[in-house]
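Biologist: Can you walk me through this fold? Keep it simple, please.

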Amino acid sequence: MSDITLDKDEHGNVLTDFDFEQKDANLIMSYIIFSIIAIFLGGLAGLLQMMQRSGWITLPNWLTYYQLLTAHGVLLALVFTTFFIIGYLFSGVTRTLDGKLTPGARTLGWIGFYLMAIGSLVGTAIILMNDGTVLYTFYAPMQASPWFYVSLALLIVGSWFSSAGILAAYIHWRKKNKNQASPLFAYMSVATLILWIHASLAVAVSVVFFLIPWAFGWVPRVDVSLTRILFWYFGHALVYFWLLPAYIYWYVNIPQVIGGKIFSNSLPRLTFILLILFSVPVGIHHQLTEPGIQSFWKFLQVVLTMMVVVPSLITAFSVVATFELTGRSKGGKGLFGWVTKLPWKDARFFATILAMIIFVPAGAGGIINGSYQLNQMVHNTWFITGHFHLTLATSVVLTFFAISYWLIPVLTKRVFTKGLNRLAIVQTICWVVGVLLMGGIMHFAGIKGAPRRTAHSTYGDHELALSWLSYSQIIAIGGVLLFIAIVLVLYIWIKLIFFAPKSEKTIEYPIGVINERAEDPPPILERWRVWIGVSIALSVIAYAVPIYQVVVNNDPGSLPFRTW
């Protein structure tokens, strides 16, 4: 559905005639608000555990470091991201297809929301009761309460219902618009959900068929190697489930925010197809130090991991090309004159461009983590944690912040004022400084050998351990800055939901226009059955033999352990 841009308000926001139907806005806002609660609680848990790790505080007996670390990982890496992503995808698919959801799609969205919410609340409660302190990777043979695994299953199954709602809206549109290329946002949303459903099937099998029966005592032992393989089948693809919505914003929304046009209509689609193919059959590169998997299969998945660099480079080229064309159309001269013409004072752009810049060193660290030899040096150190925070906590979360600065006003019909925009700029700077102090220094500490996933200890005042203390202090300062930034963004969100001035017209939902010189995308890119089939085939090639070898190894499995 198209809309007519009318004018701008006094704060510089473009206003339109388009409105979400209230039923659709309520659904989308429910996902966004739940994600807001999750990031606050997860950030608070992260602050406390980081201060304890650095020796700043001593936690009470009823609250442990590993309990907080579990809550931090589950609430941020699983709950916050999944709720925000699904809310964002629902909004964009609604906006770019028919302008409203079908009743069936809306019903599926609500079923998914309630299942995910129940699972998240139950899981959080169990963690707070110290009955699920197994970290967000929930590796066997550490055993949590069976209801912790049930809560994870509800979260995953709920996300499938939500995904079905988005896919139902897409299928409904396709039936009415045969032989037409899908709107770019909707196309990318479908690709993201194909990746998510494919990858999450493996962890669902692990949870439902192995961990839940084991935790309830229905079977005495569990095959640790098999459940770890199934987790990482999902675990690395999860990173791209976080990243692809950020790519959607970079490709589709940000060109409209900066007043430009999308460079290509085909390269973004090719990028997402490549990520569908190469994001799943690479999880074993997280298991390079583990026994039971032959080296050939580890090496194969390392090679496939490096293939993900290709769509990342395509994205860098396409997005920078969009920026350059926009800057030059606004009068930018010389080699880099176009850079000065970009809207650096707009938080929706400022937060995004910093997220993109930090993604460069974050991606370089990922190459080290996925390398067969270099991984041996950093595998179980703070280097991995630092990489994780540069990718998720910066490239992804900063982009999500930028999205929220216009998405929430669109849904609530409130104004993103100049004052809130300035505060968002301050929040972005605070976040970036914090994550560079924390995530950046974690890399150096990891190279020095500082282990990850450990509470505060001087290891008997060992010389090497004492050398890590100065790094820990800087990392903790970074953690404090990050929590301050969370408080700032929470204030902005509360204002945008409840207290910012109301607008008679809706703030524009920015959907970029394709450059008139861009060619139509080839039809093969829209043939989902082909790409789903190729993705499954690659996964079978990469995983069939390792899983078969683990199964026929006739491992008796492990009894449960409770280390806390």
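**Strands, helices and overall size**

Modeller: Let's begin with a sheet. Three strands, 3 in number, form an open sheet in the order β1-β2-β4, with antiparallel pairing. Strands here are DSSP runs (E, at least two residues) and helices are too (H or I, at least four), numbered from the N terminus. Two strands pair if DSSP finds at least two bridges between them.

Biologist: Which strands stand at the edges?

Modeller: β1 (7-8) and β4 (506-507) do. Each has a single partner strand, so one side of each is left without a neighbour in the sheet.

Biologist: How many bridges join β2 to β4?

Modeller: There are 2, and β2 (residues 14-16) runs antiparallel to β4. Thr 16 has Thr 506 in β4 as its bridge partner.

Biologist: Before we go on, what sort of model is this?

Modeller: This is a predicted model: local features need pLDDT of at least 70, side-chain atom pairs count only at pLDDT 80 or more, and totals for chains, interfaces and linings use all residues. Residues are numbered from 1 along each chain as its sequence is written, and side-chain values use heavy atoms, with hydrogens and water left out.

Biologist: Okay, helices. How many are there?

Modeller: The chain has 16 helices, along with 5 strands.

Biologist: At what angle do α12 and α13 pack?

Modeller: About 165°, with the axes 7 Å apart. α12 covers residues 382-412 and α13 covers residues 418-447. Axes are lines fitted to C-alpha atoms, for helices over the stretch in contact, and angles run from 0 to 180 degrees between N-to-C directions. The two helices are therefore roughly antiparallel (over 145 degrees; under 35 is roughly parallel, 65 to 115 roughly perpendicular, the rest oblique).

Biologist: What residue classes make up that contact?

Modeller: The contact of α12 with α13 has 16 nonpolar, 10 polar and no charged residues. Nonpolar means Ala, Val, Leu, Ile, Met, Phe, Trp, Tyr, Cys and Pro; charged means Asp, Glu, Lys and Arg; the others, Gly among them, are polar.

Biologist: And how do α12 and α15 cross?

Modeller: At roughly 15°, with axes that come within 10 Å. α15 spans residues 469-499. That makes α12 roughly parallel to α15.

Biologist: What about α1 and α15?

Modeller: α1 (residues 22-53) packs against α15 at about 155°, axes 10 Å apart. These two are therefore roughly antiparallel.

Biologist: Last topic, the whole chain. What are its spans?

Modeller: The C-alpha trace spans about 65 × 50 × 45 Å along its principal axes.
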